[in-house]
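Here is a quick walk through one chain, from its overall layout down to a single residue. Have a look at the model first, and then we can go through it together.

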Amino acid sequence: MNSKWHERFLGDEYFYGKEPNLFLVQAEQQLPKGKILCIAEGEGRNSVFLASKGYDVTAWDFAPSGIEKTKKLARDRGVVVKTELHDLADVVWGEEEWDAIIHIFGHFPPPIFERTMEGIRKALKPGGFYVSELYTKEQIKYETGGPKEVDNLCNPGILLGNFPDYFIQHFYIGEVERIEGQGHTGVAHVVQSIFQKRVPH
């Protein structure tokens, strides 16, 4: 799996473009200034955008070529993004470390998805945000991006069930248009979420 993504990101062109995801641009306005983690970050378009807004941003990806593209994009835009090479299948999550965790179109087999959700819940600070836009299983019919394996697409009910005690600021299931490089090419079926970890009283 790693080699596929490493090869995809090797060229000079940015496979998903250099501009941030449109939902993240909207969601950013809700986020506290602080430490943000972008998981499955690919070539850096979202982490570089957040860094340009003044956040302390770390990007994780498991494709070395993606990490290099992230560094290059950050240099070109004159911002700082910390980059770390991690595979979500075995990464060690810290505790209450992040003010927000961003998860844009990062799709994994179900066991890795569940492990990642567990890690996110552990790693968010109280009051911290989980922000995601993911393709739903309906996306398989659209053929405008995302995995070809239906098991790796998101079941919105399972996603929601992973955050039972969080404050739901935004949760949307439906169609959006996403033109992002050559990887995302039109109308798509997504689930969007902004969940906030409650502060214990």
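This is a predicted model: local features need pLDDT of at least 70, side-chain atom pairs count only at pLDDT 80 or more; totals for chains, interfaces and linings use all residues.

Residues are numbered from 1 along each chain as its sequence is written, and side-chain values use heavy atoms, with hydrogens and water left out.

Let's start with the fold. The chain has six helices and seven strands, where helices (H or I, at least four residues) and strands (E, at least two) are DSSP runs numbered from the N terminus. Reading from the N terminus, the order is α-α-β-α-β-α-β-β-α-β-α-β-β. The radius of gyration is 16 Å, close to the 17 Å that the globule rule gives for 201 residues, so the chain is as compact as a globular protein of that length. That radius is taken over C-alpha atoms, and the rule is 2.2 Å times the number of residues to the power 0.38.

Here are some whole-chain numbers.

| Property of the chain | Value |
|---|---|
| Box filled by C-alpha atoms, along the principal axes | roughly 50 × 40 × 30 Å |
| Accessible surface | about 9400 Å² |
| Carbon and sulfur part of that surface | 52% |
| Buried residues | 52% of the 201 residues |

The areas come from the Shrake-Rupley method with a 1.4 Å probe, and buried means under 20% relative accessible area, counting protein chains only. As for contacts (heavy atoms within 4.5 Å), among those between residues at least 6 apart in sequence, 71% join residues at least 24 apart.

Now for a helix. Helix α3 (residues 45-52) is mostly covered, with seven of its eight residues buried: R45, N46, S47, V48, F49, L50 and A51. After α3 comes G54, which has a positive phi, near 100°.

α3 sits at residues 45-52, and the UniProt annotation "domain: Methyltransferase", from an unreviewed entry, covers residues 36-128. Such annotations may be inferred rather than shown by experiment. Over residues 36-128 the chain is 39% helix and 28% strand, with the end C-alpha atoms 10 Å apart.

Last stop: which loop holds F163? F163 lies between α6 (156-161) and β6 (167-180). F163 is buried, at a relative accessible area of 2%. Leaving out residues up to four places away in sequence, F163 touches M117, I120, R121, Y130 and F195. Y14 is 149 residues from F163 along the chain, and their C-alpha atoms are separated by 33 Å.

Methods. Buried means under 20% relative accessible area, exposed over 50%, partly exposed in between (1.4 Å probe, protein chains only).
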